[in-house]
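Dear colleague,

I am handing over the structure we spoke about, and below it you will find notes on what turned up. Please keep it open while you read, so that you can look up each residue as it is named.

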Amino acid sequence: MKLINIIAIRLSLIAAVILAFWSVLFYYAVMNEVNDEVDDALEDYAETILIRHVRNEELPTQSSGSNNQFFIKEISPEEAILQERIRYEDRNVFINEKNEFEPARVLHYIFENEEGRLFELEVSTPHIEKRDLKQAIFYWIIFLFIAILLFVSILSIWSVKRTMSPLRVLLKWIGCYRVGADNKPLNNPTKIYELSTLNKVVEDSFGRMEEAYLLQKRFVENASHEMQTPLAISISRLEMMLEDPTLSEKQMEAVVKTKQTLDRLVKMNRALLLLSKIDNGQFHSHASVCISEIVQKLVPDYQMVYAAKNISLNTVIKEPFYLNIDENLADTLVSNLIKNAYTHNISGGEILISTDKNSLIVENTSSNNEELDKKLIFERFYHSSNSRQSIGLGLSIVQSICRNYNLDIIYSFVNGKHRFTIKNN
């Protein structure tokens with residue numbers, strides 16, 4: 001989720017909590033103020049009635065046009081003890097003039113006359129409809145909640161976008177940066193200390209990365225070049241020794257094995273150099289390459305090389321499969337997959353190569369009927385737990401090519417066969 005959305009959501013939640021807390025306080029404050037005003041009026045009305053009652057003056061009529069009412073009744077001392085001397089309550093009372101019940105605020109007051117008799121005065125006055133008040137407050141709270149939520153969201157998104165615009169520029173520059181390529185300098189001035197520091201840290205880190213890349217590139221090239229010459233000389237001398245008729249059969253066998261070891265070392269040196277170049281992003285060219293045509297071109301060569309293993313190979317070209325890739329790397333990609341299918345197969349096994357519009361699939365019979373570890377299969381020189389034979393560098397090179405050109409490579413084990421699928425991401 002984007003930073004802007006996270007900030008907007010969090011601010012909205014904070015606003016919602018604050019608004020809910022405020023609405024509760026607001027409701028109780030309003031109701032308390034209303035009750036205070038009504039209670040004051042009831043106390044004045046009750047005081048007037050008490051004074052007239054004590055003086056034996058004529059009491060006012062129960063209704064004075066304002067729907068106020070009062071009742072006086074004598075109570076026993078036992079009843080008086082069980083009740084508070086002054087208490088308030090909200091309840092529905094019957095209004096004679098309207099012939100209906102209405103919500104009212106009621107004051108109960110217990111007093112004693114000169115003769116020691118106890119009386120309870122009940123004074124009531126019509127009250128606001130609290131249910132209507134609750135609904136009104138609720139609807140206004142909902143309205144305010146939506147309005148404040150929209151305002152906070154819009155304001156926070158605008159504020160964060162404006163504040164974080166240098167961060168977006170930095171992220172875009174990082175996304176377009178390619179090690180070893182001709183990159184544009186970072187032009188991202190800002191007065192924000194944290195973002196300014198981040199710009200400097202990123203520039204310094206990428207500068208060190210460029211230095212490390214150049215050193216590694218130079219080392220790999222020099223090491224490869226320096227190794228090729230002595231290897232070529234050693235192989236040449238071994239070939240000359242093989243022409244010497246004085247060598248015994250055992251000596252000749254030792255020379256052949258040594259030459260084979262050096263040949264593998266030469267191939268490994270070339271593969272490591274290629275892998276290093278791919279990982280360092282030294283292949284930048286793109287062209288629409290037909291993978292199906294490369295398959296048809298390479299298959300006959302591999303059939304001849306591995307004819308002794310008696311492996312049947314079927315090629316199914318449903319539709320041409322095109323990749324936007326360097327042509328030489330496309331050949332390497334297909335070649336390594338086919339070579340891997342032959343190398344890690346069994347005598348009399350099968351290989352199926354198929355292409356359609358969206359993918360290249362290479363399947364081969366498993367040499368030990370064991371699924372390989374999907375997390376480790378593309379590691380250099382990986383070998384399964386039940387086999388001492390190393391996968392080598394072929395699949396590592398395939399994965400590096402796919403990663404360099406944003407392709408998907410998927411391994412699966414289906415019906416005793418290893419399956420490798422190449423797709424456009």
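**Aromatic pairs and a surface patch**

Both Tyr109 and Phe111 are buried, and please keep in mind throughout that this is a predicted model. A search of the whole structure finds 11 aromatic pairs, and Tyr109 and Phe111 form a stacked pair, because their ring centres are 6.4 Å apart and their planes meet at 20°, where planes under 30 degrees apart count as stacked. Ring pairs also bring in Phe119, which is linked with Tyr109 and Phe111 into a cluster.

Another pair to look at is Tyr306 with Tyr342, whose ring centres lie 4.8 Å apart with their planes at 10°, so that this pair is stacked. Which parts of the chain does the pair tie together? Tyr306 sits in the loop between helix 7 (291-305) and strand 6 (312-317), while Tyr342 belongs to helix 8 (residues 327-343), so the pair ties together parts that are 36 residues apart in sequence. Tyr306 and Tyr342 are both buried.

Technical notes. Residues are numbered from 1 along each chain as its sequence is written. This is a predicted model: local features need pLDDT of at least 70, side-chain atom pairs count only at pLDDT 80 or more; totals for chains, interfaces and linings use all residues. Side-chain values use heavy atoms; hydrogens and water are left out. Rings of Phe, Tyr and Trp (its six-membered ring) pair if their centres lie within 6.5 Å; planes under 30 degrees apart count as stacked, over 60 as edge-to-face and the rest as tilted. Buried means under 20% relative accessible area, exposed over 50%, partly exposed in between (1.4 Å probe, protein chains only). Helices (H or I, at least four residues) and strands (E, at least two) are DSSP runs, numbered from the N terminus.
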